[in-house]
Amino acid sequence: TAVGFGMDPDLQIDIITELDLVNTTIGVTQVSGLHNASKAFLFQDVEREIHAAPHVSEKLIQLFRNKSEFTFLATLQQKASTSGVILSIRELEHSYFELESSGLRDEIRYHYRFNGKSRTEVFPYRLADGQWHKIAVSLSASHLLLHVDCNRIYERVIDPPETNLTPESNLWLGQRNRKHGFFKGVIQDVKIIFIPNGYITQCPNLNRTCPTCSDFLSLVQGIMDLQELLAKMTAKLNYAETRLSQLEDCHCEKTCQVNGLIYRDKDSWVEDDHCRNCTCKSGVVECRRMSCPPLECPPDSLPVHVESQCCKVCKAKCIYGGKVLAEGQRVLTKSCRECRNGVLVKVTETCPPLNCSEKDHVLPENQCCSVCRGHNFCAEGHRCGENSECKNWNTKATCECKNGYLSVQGDSAYCE
């Protein structure tokens with residue numbers, strides 16, 4: 001039926017076929033279903049483990065990834081007044097998708113996850129009555145539709161469920177796990193379909209609702225993208241018109257003057273003070289921060305700043321008493337020692353006298369000489385980029401990004 005509607009077979013998964021259920025599978029017996037076009041199985045023995053093989057779980061994980069629309073379909077005949085799980089996709093104790101039918105309370109329950117927390121939607125309905133039923137649960141972003149026997153039973157707005165399953169996720173049919181939620185009855189035509197309004201494949205005579213919630217969100221996002229593109233194109237057009245009006249009165253090359261030096265149009269240079277690459281473009285200086293490649297240091301070294309270099313480099317680290325020291329950092333033992341090339345070297349420098357009482361003496365981090373409380377560490381040349389600013393603390397100085405900027409690769413000395 002799905003292929004007849006022009007649906008891509010790669011956007012659906014036939015659970016019973018993928019699980020390769022046969023008469024020899026422990027806990028299930030093949031029986032006659034509602035129709036003879038597909039296999040039906042009676043689930044009765046609680047000593048069973050009907051779950052997907054690793055390659056099927058991987059296929060399911062790939063199909064769910066970044067999907068906001070999918071439909072679960074099944075045809076079943078549940079033993080009257082029993083309770084059990086029809087299908088569960090879970091990782092350890094967490095259910096990403098689980099459909100449960102309670103004949104004790106006459107409820108259909110949908111369990112899912114939102115922002116790392118478990119959610120449950122309860123629909124009062126008697127499914128466990130010994131009769132054949134078709135059930136379809138359709139999700140479109142935060143919109144849920146429940147059809148039973150091709151009748152729209154419930155329509156509800158819920159928290160949008162998580163669909164990026166973990167690699168450890170697995171699929172169970174007719175049970176929650178090895179010990180709980182055993183379904184008793186016959187199950188047939190179990191499928192998960194990743195198209196809008198997937199219930200149409202089960203009930204082709206139903207009208208399709210258009211657009212779906214996910215369709216609408218996509219349309220809104222498309223309009224916002226077009227508005228952003230229009231704003232950018234308008235800005236570029238205004239800039240181009242300004243440049244053209246300037247060219248009408250200009251008959252010579254526009255140069256750039258920086259710190260007493262004159263650069264010709266399209267000249268480039270490196271501004272060492274701020275580690276930037278600059279270019280003269282029609283009299284306007286455009287600078288971009290020099291991008292540093294990702295630095296992955298070996299286990300015996302740490303990334304540190306080196307004088308006259310913009311990017312950090314790997315330098316051998318030192319370990320003393322369980323404390324890890326980077327190149328240039330010091331530790332005060334019986335004498336002052338500094339980490340140089342992975343070795344703690346004795347330092348013979350004399351500490352300057354302090355103009356404060358002893359109770360106001362503070363030992364800075366990774367240094368040997370105390371300073372007075374309130375010392376200005378930033379004045380010692382602590383290096384911060386042009387978009388970050390130095391901030392004094394009790395025992396050290398740190399760089400913090402200015403308002404509106406974010407750190408680059410986790411280093412607040414460089415922000416953009």
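Reader: Strands (E, at least two residues) and helices (H or I, at least four) are DSSP runs, numbered from the N terminus. In which strand is the place of Lys 391?

Author: This is a predicted model, in which local features need pLDDT of at least 70 and side-chain atom pairs count only at pLDDT 80 or more, while totals for chains, interfaces and linings use all residues. Residues are numbered from 1 along each chain as its sequence is written, and side-chain values use heavy atoms, with hydrogens and water left out. With that numbering in hand, the C-alpha atom of Lys 391 is 8.4 Å from that of Phe 377, a residue 14 positions away along the chain. Lys 391 itself has its place in strand S28.

Reader: Is Lys 391 buried, partly exposed or exposed?

Author: The classes rest on relative accessible area (buried under 20%, exposed over 50%, partly exposed in between, with a 1.4 Å probe and protein chains only). The value for Lys 391 is 38%, and it is therefore classed as partly exposed.

Reader: Which residue of S29 is the bridge partner of Asn 392?

Author: Strand S28 covers residues 388–392 and runs antiparallel to S29, to which it is joined by 5 bridges; two strands count as paired if DSSP finds at least two bridges between them. The two strands form a hairpin that leaves 4 residues between them. Within this pairing, the partner of Asn 392 in S29 is Ala 397.

Reader: How many of the 9 residues of strand S6 are buried?

Author: Strand S6 spans residues 94–102, and it is paired in the antiparallel sense with S5 over 8 bridges and with S7, also antiparallel, through 6 bridges. The strand is largely enclosed by the rest of the structure because the number of its residues that are buried is 8.

Reader: Which residue in the turn between S5 and S6 has a positive phi?

Author: Strand S5, residues 83–91, pairs with S6, and one of the bridges sets Leu 87 against Leu 99 of S6. The two strands make a hairpin with 2 residues between them, and a positive phi of about 55° in that turn belongs to Leu 92.

Reader: What stands opposite Phe 97 in S7?

Author: The partner strand S7 comprises residues 107–114 and is antiparallel to S6. The hairpin formed by S6 and S7 has 4 residues between its strands. Across this pairing, the residue opposite Phe 97 is Tyr 112.

Reader: What phi does Asp 106 take?

Author: Asp 106 lies in the loop between S6 and S7. With 31% relative accessibility, Asp 106 is counted as partly exposed. Its backbone has a positive phi in a residue other than glycine, with a value near 55°.

Reader: What phi does Cys 150 have?

Author: The place of Cys 150 is the loop that lies between strand S10 (143–148) and strand S11 (151–157). At 24% relative accessibility, Cys 150 counts as partly exposed. Although it is not a glycine, Cys 150 has a positive phi of about 65°.

Reader: Which side chain is joined to that of Glu 349 by a polar contact?

Author: Glu 349 is situated in the loop between strand S25 (343–347) and strand S26 (361–362), and its relative accessibility of 54% makes it count as exposed. A polar contact is a pair of N or O atoms within 3.5 Å; within protein, one must be able to donate a hydrogen and the other to accept it, and residues adjacent in sequence count only if both atoms are side-chain atoms. For Glu 349, such a contact, at 3.4 Å, is made with the side chain of Arg 330.

Reader: How many Å separate the C-alpha atoms of Glu 349 and Leu 73?

Author: Along the chain, Glu 349 and Leu 73 are 276 residues apart.

Reader: How far apart do the C-alpha centres of domain 1 and domain 2 lie?

Author: The protein is divided into domain 1, residues 12–205, and domain 2, residues 255–289, with bounds that come from an automatic or database domain assignment. The distance between the C-alpha centres of domain 1 and domain 2 is 64 Å.
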